[in-house]
Each structure stands twice: as C-alpha cells, then as structure tokens.
Amino acid sequence: MLLAAVACVSVISGVSLSKKINASAKECAITFDANGGVKGATWTDVAYVPYGTVWNWWLNEDFITPAPGKLYDGVEIDGKRYAPGASYTITKDITAKALWKSVSAAPATKPGTVTNLKAVNAGKNKVKLTWDAVSGAEGYLVYAQKNGVYGYVGMTTQGTTFTDTKALDTDYNYYWVFAYVKNSAGKMIAGNCEKYVYSKGVCPAVPGLKAQSQVGSVKLSWSACDGADGYLVYGIRPGQEYGYIGMTTKGTTYTDTKASTSDWTFYWVFAYHKDANGKMIVGGTAKYVYGRAQKQTTGQYVTYKQYGAKGDGKTDDYAAIVATHEAANKMGLPVKADPGAVYYIGHMDPKNPKGALIMTDTDWGDAKFIIDDQKMPLDKTNDSGKKYSSEGSCFLFTVEPSKKSEKKWLNPTLYWRKTSTGYTYVKAENKKDGDIKIYLGLDPNLSKYKEYDGTGASNDPVTASTMKNKTFSKSTTKLQGTFNEKALYVLETESVLRWGRHGSATASGERRAQREIVIVNKDGSIDSSTPLQWDWKEISLIYKYYIDETLLTVKGGTFETKANILNSQQYVNRGINVVRSNVLVSGVKHYLTGEDKQFNNNSKVVNSETGEVTYLPRLGAPYQGFFRLDHCTDVTLKDCVFSNHLRVFNYGDNTHSTAPYDFYAEYAADITLDHCTCAADGKDLTGPADSTGIMDKSRWGTTGTNYCKNITVQNGSKLSRIDAHMGTYNLTVKDSTLGCYGVAAVGFGTMRLERVTSYANYFISLRRDYGSAWYGDVVIKDCVWNIGKNYTPQLILAIYDPQYLYGYDTITQNGKTYYCQLPTKITIDGFTLDASSLAGGGDGGEVLYGNARRGFEIYTAVVSDGSNEITQAFLNNTTKYKYPIKVTEEIIVKNFKVIKHKNFADATYKVKVSIRNAECADIKDEYFFSTTKFNYNQNSTTYEVAK
C-alpha cells in the first residue's frame with residue numbers, strides 16, 4: 001500500500017503500527033486513492049497516524065498493485081507530487097492519490113518476508129541486527145523509528161547482519177528489515193517484515209567475566225566491550241545487600257581488596273559509556289561470578305634478608321636488593337623490607353643501569369636506604385673531553401612494565417636503492433633517479449615490523465611503505481585499523497623543528513625535532529587524555545610502550561642520599577625510575593645529606609661593591625630526579641617527601657648554576673602529585689635555613705618535566721617549583737602551596753590554579769626561553785598570592801623575542817600571521833593579593849599604594865626589543881617585530897581582594913588592576929593589548945588591613 005515502510009505490515013481496523021508505538025499522540029487521517037491501481041487484500045480506505053508522523057511513500061503491493069503496464073511513480077497530495085520514497089510530515093488530514101507511469105519492464109517476483117529478526121545492544125550508540133536469509137533476495141533495507149520519527153537507516157548486500165552506529169542510547173530504537181529484489185528497470189521491489197524489534201545503543205554485557213581468588217583480594221577480569229568508557233562493579237558481600245563496589249576506567253580488571261576470606265562475594269560488572277553531556281549510560285547485564293579472598297600465610301612474600309642483605313647500615317646491600325626483586329618477579333610475589341633495617345648502597349653496577357627491577361608490589365615499611373654518592377668515581381670521558389661517572393646513569397630501582405618497549409626507526413637523511421640482492425641505503429649527495437625515501441606509520445601491526453636502523457640491505461622498504469597512518473593531523477581522533485593493545489607511543493620527525501630555546505644562560509638556541517606522546521586505544525582511537533598537538537608526516541622514529549592495566553604499589557621507606565662531590569656538569573640519576581604505567585608510589589621519603597662537602601676553597605664570594613659575602617657550592621653533578629617518571633601513564637605519587645637540591649655553580653662563574661630536580665618526568669601522561677611536600681633545608685649552608693622547604697632561593701626547585709600531558713598537583717602539596725620545559729598539555733594545581741619559584745611552564749590546553757597559595761615572584765611564569773607560549777586558557781580560582789617584602793609588578797611573567805623563531809605552528813587571523821601565542825583567555829575569579837608585608841621604605845609599598853599607582857598588572861612588557869618602548873610603529877616594523885606573537889583575546893577579573901600593610905591603611909589611592917599600566921614612563925606597550933577584551937570593575941575590589 002502507499003504507506004510509510006513502517007506500515008508495510010498489514011493495517012488492521014484502520015490503526016497503523018506507528019500509532020501503536022505512540023498511542024497518546026493526536027491522530028490524523030490518510031485517505032488513499034488507488035487512481036486506477038488494483039486494491040489488494042489488506043486495502044483500507046482510511047488509516048490513522050499520530051500527528052507529526054514522518055511518512056515515506058513506498059509501494060506495498062499487498063495493499064495496492066499497479067494496473068498492467070504501469071509502474072508506481074509516487075503520490076499526489078494537495079496537487080503536489082511526491083516521488084517514491086519521499087518523506088512527508090503529516091500534520092493534518094490528507095488524501096494521497098497514487099501516481100502511475102507506463103513501463104515496459106518485466107515485473108520482478110516480490111521477495112519473501114524477513115523472519116527471525118533480532119536486535120542486540122552492541123556498544124556506544126550501536127545496535128546490531130540479525131535475521132534469517134530470504135531466498136532470492138538481492139539485499140536488505142533497514143528502517144527504524146527513533147524519538148517517534150520513522151526513516152531509512154541503511155542497507156546491506158553482504159549477509160544478514162547490520163549495525164546501526166547512530167542508535168539512541170537513552171531510549172529504544174524500533175527496527176524493520178525488508179528483503180528486496182530489482183526488476184529489469186533496476187527498481188527495488190521490497191518484501192515484508194515479520195515483526196519489528198527494538199533495542200538501545202548501549203554497551204553489551206561484558207563477555208568472559210571471571211573471578212580469581214588471591215591473597216587478600218578477589219581479582220575480576222573480563223573482555224573489553226566496544227565503546228565502553230569504563231566499567232561499574234556491583235556485588236553482594238556476605239551479610240550485606242546488593243550494592244556498588246567500585247569502578248575502573250583503566251582496563252578490564254578490578255581487584256576487590258575488601259573481599260571476605262571466610263565467605264563468597266557475588267559480582268556483576270556493567271560496561272558504560274558517557275553521552276555528549278557526560279551522563280553515564282550503563283550497558284547490559286552479564287552473568288554473575290563469585291570469589292573469596294585467600295588468607296595471608298607465611299612465605300607469600302620475600303624479603304631482602306632472605307637474599308643476603310645485612311641491613312646494618314654498613315654492608316653494601318646493592319647486590320642483595322637486586323637479587324631479591326629478581327626472585328620475587330619470577331615467583332610473582334610481593335617484596336617487603338625487613339622491619340627496622342638500614343640498607344647501605346655504596347656502589348651501583350654500570351652494567352645494570354636499571355638496578356633492581358620492581359614488577360610486584362613492594363612495601364619498604366619503616367626501613368631506611370642510604371645511597372652514598374660520595375663514592376662515585378669520575379671514570380669516563382665524554383665527547384667533549386670532560387670526565388663523568390659511569391655510575392651516574394644507574395638507578396637503584398626501576399619499576400618495570402610487564403612487556404618491553406619497542407623501537408622503530410629509520411634514518412631520515414638516507415634514501416633506499418634497489419640492488420640485485422635487495423635494497424641498500426645511499427646518502428642524499430649520491431642519490432639517483434629511482435631511489436626512494438619512505439617514512440614510518442603508526443600501524444596496528446607495528447610490533448611485527450623490523451627496526452629500520454639504516455644498516456643496509458637487510459631492511460625492507462617495500463614492507464615499510466605499506467604501513468597505515470603514515471600521515472595524520474592534530475585534529476585526528478581515530479587511526480586506521482584495530483590495535484591489539486592499548487599503548488603509549490612516542491613519535492618523532494626531524495623534518496619539523498620545535499621548542500627553540502632562546503635567551504637563557506644555558507640555552508643552545510637550537511630547535512629540536514618534533515616529538516610528542518600519544519595513547520592509542522585498542523580500537524585505534526586517540527585517547528582523550530592525550531590529544532595530538534602537532535600534525536604528523538614523515539615520521540622517522542616511533543617508540544611503543546605497553547600500558548599495564550593492573551595497579552602496582554610501591555610504598556614506605558626513607559631514603560637518604562649523601563650528595564655527590566663530583567666536579568661534573570653531567571646529570572646523574574641514582575633513585576627510583578618508574579617506566580611502568582598504572583603505578584602508585586605512596587609514602588616514600590627522600591632526604592639529602594652531605595651537601596656541606598660540595599663547597600671548596602673557591603666557594604666564598606665577596607661582592608666588590610657592597611662587600612656582601614655569600615657561599616656558593618662548586619662541586620656536585622646535578623641530579624635529574626630521585627623520583628623519575630619515563631614513558632608511562634597513570635602514575636601517582638602520594639604522601640611523598642622531596643628534597644630541594646643546592647644550585648651548584650660549577651660553570652666557572654657566580655651567575656650560572658646547574659638545575660637539579662628531585663622529581664623529574666619525561667614523555668609521561670596523567671601524572672598526579674597528591675599531598676607531596678618538600679623537606680626542610682636543615683642546615684644553614686648558604687643563608688638562613690628554610691623550615692618550610694619551599695622558600696630557599698639557593699636551592700633550585702622541586703619538579704621538572706618535558707613532553708608530558710596532564711599534570712596534576714593537589715591535596716595539600718607544598719612544592720617550591722613546578723617547571724615544564726618543552727611543553728605540557730593541561731596543568732592543574734589545586735589545594736596546594738607553591739614556594740619561591742612557583743609555576744614556570746609553556747604548553748597547551750588549560751592551566752588551572754585553584755585554591756593555591758603562592759610565594760613566588762610571579763604567580764605564573766611563562767618561560768621566556770621557550771617564547772612564553774601557552775596555546776589555551778588560564779583559569780585562576782580562589783587563590784592567594786603573598787608577594788612578600790619585594791613588590792612584583794605582574795601576575796604573569798611573559799617575555800618574547802620577536803626576532804627569534806621558536807618553532808610553534810603559525811596562526812593566521814584577520815590577514816596577519818602569528819608565530820607564537822599568549823593564553824587565549826585568562827579568567828581570574830577570587831584572587832587575594834597579600835601585600836601585608838609591604839610596609840614602605842623602599843620595599844615597594846609606595847609603588848603599590850602611593851602616587852605612582854603602578855598597582856597590580858596581569859602582564860608587564862611582553863615583547864621586548866631591548867628598550868621596552870613598544871609603540872605602534874614598532875609593531876608595524878617587520879624587521880624588529882619579525883615574528884609577531886598573538887595576544888590574549890580576553891581577560892576576566894572578578895572577586896579581587898587586597899590585603900594592605902597597616903602603614904597604608906588610609907592610602908588615598910586604590911590598587912590598580914590592569915593588563916598594562918600606561919602611567920609607567922619606562923614601559924609603553926599599551927598598543928600591544930589594544931585588541932584584548934579586559935573585563936574588570938575596579939569598584940568591585942575589596943580591601944583589608946593586616947593586623
């Protein structure tokens with residue numbers, strides 16, 4: 001009949017199927033005019049449908065068939081023709097007159113009815129349909145009703161299955177499938193559908209759910225569900241009702257550490273995905289499983305004493321510590337330190353730079369480890385002829401992944417040439433016609449390919465050229481192919497240079513090959529935590545790092561490092577290296593001693609003008625992180641203690657020093673420092689001892705990072721420095737205290753500081769040596785900036801040299817090209833400027849409160865040509881202002897508060913808040929911010945006088 005395909009089943013008593021689904025809707029009448037067609041057995045003159053029904057005008061020959069020699073040609077409604085299959089929204093009573101055209105095509109035999117139609121939820125917004133084959137069918141048409149609207153979904157000529165990838169996940173989708181054949185004119189002749197089916201587009205029940213009893217817990221495991229963002233675990237504990245147990249977004253395992261050892265716990269696991277609004281949509285129900293935790297018994301862990309450690313604080317226990325973890329890893333047992341032991345480490349083995357491999361849970365309890373670096377020898381010579389220690393590249397512990405990393409590399413400067421025996425490499429200057437150059441791709445089968453190391457004919461460029469994903473952009477969210485496991489990749493291309501470092505005492509001025517980390521899920525999607533920052537082509541190096549999905553815990557222990565006294569600028573390690581993903585390091589404390597030995601006869605420095613005497617350490621190779629994270633993701637350091645290292649002036653002058661860190665991360669994602677604090681200085685070595693551990697400027701600072709994504713510092717952490725060199729994506733600091741160096745970073749995404757108290761010279765320092773770049777937003781919420789006794793004019797330090805090319809992507813806007821950018825938007829909501837220490841008398845109080853009214857500035861001079869005279873003429877000068885930087889588009893300041901010293905309680909002038917202060921004669925770059933939207937009401941600022 002001339003009805004929507006939804007009504008291809010018979011209309012009974014004038015009521016259509018769509019009305020049954022939506023019975024409460026207002027009805028409209030459709031009167032049918034056969035117009036010469038032959039009425040069929042199921043003919044009814046009038047059908048009733050809900051108001052707003054979307055009708056598709058197809059031919060159902062059970063209702064009406066053409067006269068001989070005629071072919072269906074649509075319908076006429078209110079004098080207007082609607083072609084076959086056309087949609088029409090019914091909002092009134094209508095008459096639909098069939099239209100026919102002459103045709104000589106031989107009619108096709110109508111196919112049979114689709115039977116045994118089934119629908120199952122198959123993932124996020126996915127429903128899978130199956131049915132029995134219809135004899136003679138050339139294909140199948142799929143229709144559905146969603147949100148009361150009926151329409152075409154798709155078709156298949158390949159078998160008897162179809163997956164709707166746009167299914168509703170919050171309501172049911174109703175489906176019909178029709179077999180079709182084509183007549184000699186190529187027109188589709190559709191059959192009938194036995195019944196409709198329905199389902200929601202949600203994750204299916206988790207397959208393969210298992211429960212494994214282990215010591216102190218029950219481990220659940222299952223196979224991944226397509227489209228799942230995570231999994232919810234529910235259960236029934238002994239003597240309790242059914243309820244929530246936990247959840248995970250980190251893979252397909254969950255360990256219930258609260259499971260009973262005396263009775264069974266029953267478990268259900270549900271996959272879920274999140275919709276566009278972040279709402280959790282729970283999938284199907286799997287069968288339940290049950291498990292019982294095993295009781296702890298003697299011998300289910302190993303100790304250092306069992307493998308020869310003395311723990312007396314004198315005997316070198318390095319070899320015993322390494323042997324203990326080797327045995328524990330083979331047996332799959334945890335390691336526990338011997339209670340009260342003091343393990344001494346005098347030397348480490350350069351042939352084993354990873355030290356003891358931690359691959360099982362480790363509990364150091366109240367044990368102490370003494371790492372005596374004073375005994376490190378200078379026994380090697382580098383390419384520059386300078387001595388260094390081979391032991392300096394050794395770690396005491398390495399938290400090791402369960403699978404080894406992989407490296408795929410080819411030499412981007414060489415070409416391949418085919419020979420009679422295979423292929424060989426040739427240099428660019430020897431290139432001939434026919435020589436080829438290829439690059440790597442981020443292929444799902446990367447593990448199966450050789451390392452293209454440039455050694456010659458053993459390599460196969462033909463295979464490499466077939467790799468998938470050889471080129472993709474920073475907007476890419478999914479790669480081609482299905483990857484066999486979730487992994488972190490490090491990509492590199494030497495054809496693009498980034499991260500030029502300029503204007504720093506130790507800066508080389510050279511740009512570096514483009515590098516980036518990215519996590520790829522099993523379905524080929526780029527994990528949302530590590531979106532791409534650059535476009536990628538001509539990839540010459542790929543590292544692959546497997547992501548362990550189970551949590552490994554390292555906890556307890558106090559470490560004392562006796563500082564080295566080497567006369568070397570070569571970085572040393574000597575601590576704990578985490579290269580495994582999904583790790584918790586909890587309650588590990590690190591302290592430094594022996595720094596007084598870093599001073600020699602030249603350590604005393606006298607200022608020739610003032611006579612002031614200072615003492616600068618001259619000995620000691622810099623440390624690159626006692627806690628070090630490398631090529632990993634999902635690592636948390638909780639309740640750990642860091643020690644800030646002295647700045648060692650071993651460059652031959654009194655200005656430049658090495659940059660040692662106690663925490664260092666590189667190529668890592670999703671790093672969390674939770675309630676981590678700095679140790680107090682202890683001794684008065686170069687000035688007053690710092691009891692807070694975060695205010696001594698003779699020490700370099702706490703943390704340093706390169707190429708990291710998603711760094712979070714939270715929950716009462718107290719650190720002197722958070723430093724991101726070659727970029728970070730997303731930096732969050734909340735509920736924490738920052739010391740004299742504060743935040744120094746460049747990068748992308750959102751920088752968020754929330755409920756932070758800072759004592760730094762600048763609340764945020766966008767590193768000038770990397771062009772002060774931040775491609776994203778800055779959010780400051782409910783923070784306090786205590787500026788101490790020296791007035792600092794600006795909230796954000798940003799200094800940019802417009803004659804140096806740093807290597808960022810260019811931005812073209814309104815016909816102008818920019819080569820770097822400041823934060824796009826800055827939001828300051830709730831900010832206290834604590835100037836209670838400024839009493840006047842030359843400390844800057846007069847400048848802040850007095851007639852100068854310099855006040856509080858978001859920025860000071862950003863662009864500098866050496867004179868700070870930034871005028872419109874300067875900005876128009878393409879020689880001086882060669883590489884323009886894009887200014888901040890919008891700044892919002894609200895809920896601003898100033899705490900004044902009592903000496904300025906009656907100051908006439910209020911503190912000024914501005915993005916530039918044009919009243920200062922020495923700085924004139926107000927032109928630079930002429931396009932910035934500045935939203936600040938000075939009258940909304942409140943004042944408080946300190947007691």
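Guide: Let us begin with strand E18 and strand E19 (residues 217-221), which pair in the antiparallel sense over 5 bridges; here a strand is a DSSP run marked E of at least two residues, numbered from the N terminus, and two strands count as paired if DSSP finds at least two bridges between them. Within this pair, glutamine 214 has serine 217 in E19 as its bridge partner. In general, the strands of a sheet pair through backbone hydrogen bonds, and they do so either parallel or antiparallel.

Before going further, please keep in mind that this is a predicted model, in which local features need pLDDT of at least 70 and side-chain atom pairs count only at pLDDT 80 or more, while totals for chains, interfaces and linings use all residues. Residues are numbered from 1 along each chain as its sequence is written, and side-chain values use heavy atoms, with hydrogens and water left out. The mean pLDDT (the predictor's confidence in each residue, from 0 to 100) is 88 for the protein, and 92% of its residues reach 70 or more. Over residues 1-25, however, pLDDT stays under 50, and for this stretch the model has 68 contacts beyond four places in sequence, a contact being heavy atoms within 4.5 Å.

Returning to our pair, E18 and E19 belong to an open sheet of 3 strands, ordered E18-E19-E22 with antiparallel pairing. Its edge strands are E18 (210-214) and E22 (253-256), each of which pairs on one side only. From one strand to the next, the twist averages 20°, where axes are lines fitted to C-alpha atoms and angles run from 0 to 180 degrees between N-to-C directions.

Because arginine 237 lies in the loop between strand E20 (230-236) and E21, and aspartate 256 lies in strand E22, the pair ties together parts that are 19 residues apart in sequence. A search of the whole structure finds 40 salt bridges.

Elsewhere, a further open sheet has 4 strands in the order E36-E41-E39-E40, with antiparallel pairing. Strand E36 (406-409) and strand E40 (512-520) stand at its edges with a single partner strand each, so one side of each is left without a neighbour in the sheet. E36 is joined by 4 bridges to strand E41 (residues 541-546), and these two run antiparallel; tryptophan 409 stands opposite leucine 541 in E41.

Strand E12 (residues 139-146) and strand E13 (residues 149-156) pair in the antiparallel sense over 7 bridges, with lysine 146 opposite valine 149 in E13. Their hairpin has 2 residues between the strands, and in it asparagine 147 takes a positive phi near 55°. Strand E37 (residues 414-419) and strand E38 (residues 422-427) likewise pair in the antiparallel sense, over 6 bridges, and they form a hairpin with 2 residues between them. Across this pairing, arginine 417 stands opposite threonine 424 in E38.

Notes. A salt bridge is a side-chain nitrogen of Lys or Arg within 4 Å of a carboxyl oxygen of Asp or Glu.
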